[in-house]
Amino acid sequence: MTISVLKAIEKARPNFKELKRSGVNNYFKSNGVSHQYSTLTDISALLAENLTIVYQIRTDGHDNRTDNIIVTKIVNLETQETLQSESTLGTHNVKTQETGSAITYLRRYHLQCLLNLEADFEDDGNIASKNKSNDI
């Protein structure tokens, strides 16, 4: 059960700092402007509620292949209860650079989901679906 984790997150929520796009990725540019993204540095309010964040990478072998899985856990240090999210990073054949890139993104996205935060531009799935619009 994760009740103590959920209660602690809600207690910490008023102390969350505004998520800013302080990270800069010069590799991806739009109209000559670097992509900015939210970082993980402004979630110290969790520590005040005895919560910590743990990331793990594990493998899952099935159907003649091995998947790399990232597991993000928010752990209540007093009760040891956890709230977690898991995503596949790809198979063991994926290049290390690609795995590292996926880890970077998924760490942020997992926390955004687990903490119910909206930090990045919301496009309603249009970019992932390759829908083009002048509004995006």
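What follows is a working chat about a predicted model.

Me: Let's start with the inside; which residues of the largest nonpolar core touch the most other members?
Reply: Bear in mind that this is a predicted model. Of the 13 residues in that core, the ones touching the most other members are Val5, Ile9, Phe16, Leu46, Leu51, Ile74 and Leu115.

Me: What does Phe16 touch, leaving out residues up to four places away in sequence?
Reply: With those left out, Phe16 is in contact with Ile9, Ala45, Leu46, Leu115 and Leu117.

Me: Switching to the strands, how many bridges join strand 3 to strand 4, and which way do they run?
Reply: Strand 3 (residues 51–62) is joined to strand 4 by 12 bridges, and the two run antiparallel; as one example of the pairing, Gln56 has Val71 in strand 4 as its bridge partner.

Me: What about the other neighbour, strand 5?
Reply: Strand 5 (residues 82–91) also runs antiparallel to strand 4, with 9 bridges joining them, and Asp67 stands opposite Thr91 of strand 5.

Me: How many residues sit between strand 4 and strand 5 in their hairpin?
Reply: There are 5 residues between strand 4 and strand 5 in that hairpin, and Gln80 in the turn has a positive phi of about 70°. The hairpin formed by strand 3 and strand 4 has 2 residues between its strands, with Asp63 in the turn.

Me: Why call strand 4 largely enclosed?
Reply: Because 9 of its 12 residues are buried, strand 4 is largely enclosed by the rest of the structure.

Me: Take Asn68 then; is it buried or exposed?
Reply: Asn68, which is placed in strand 4 (residues 65–76), has 13% relative accessibility and therefore counts as buried, the cut-off being under 20%.

Me: Which backbone oxygen lies 3.3 Å from a polar atom of its side chain?
Reply: That is the backbone oxygen of Thr91, at 3.3 Å from a polar side-chain atom of Asn68. Not counting residues up to four places away in sequence, Asn68 touches several others, including Arg58, Thr59, Ser87, His92 and Thr99.

Me: Which arginine lies over the face of Tyr109?
Reply: Arg108 does, at 5.7 Å from the ring centre of Tyr109, while Arg107 lies over the face of Tyr55 at 4.3 Å from its ring centre.

Me: Back to the backbone: what is phi for Asn50, and where is it found?
Reply: Asn50 has a positive phi near 65° despite being a residue other than glycine, and Asn50 is found in the loop between helix 2 and strand 3, where it counts as partly exposed at 31% relative accessibility.

Me: And Asp63, buried or exposed?
Reply: Asp63 is exposed, its relative accessible area being 69%; it is found in the loop between strand 3 and strand 4 and has a positive phi of about 45°, although it is not a glycine.

Conventions
Residues numbered from 1 in each chain as written. Predicted model: local features only at pLDDT ≥ 70, side-chain atom pairs only at ≥ 80, totals over all residues. Heavy atoms only, no water. Core = buried A, V, L, I, M, F, W, Y, C linked by side-chain atoms within 4.5 Å. Buried < 20%, exposed > 50% of the residue type's maximum accessible area, 1.4 Å probe, protein only. Contact = heavy atoms within 4.5 Å. Helix = DSSP H or I, 4+ residues; strand = E, 2+ residues; numbered from the N terminus. Polar contact = N/O pair within 3.5 Å; in protein donor to acceptor, adjacent residues only side chain to side chain. Lys NZ or Arg CZ within 6 Å of the ring centre and 35° of its normal. Pairing = 2+ DSSP bridges.
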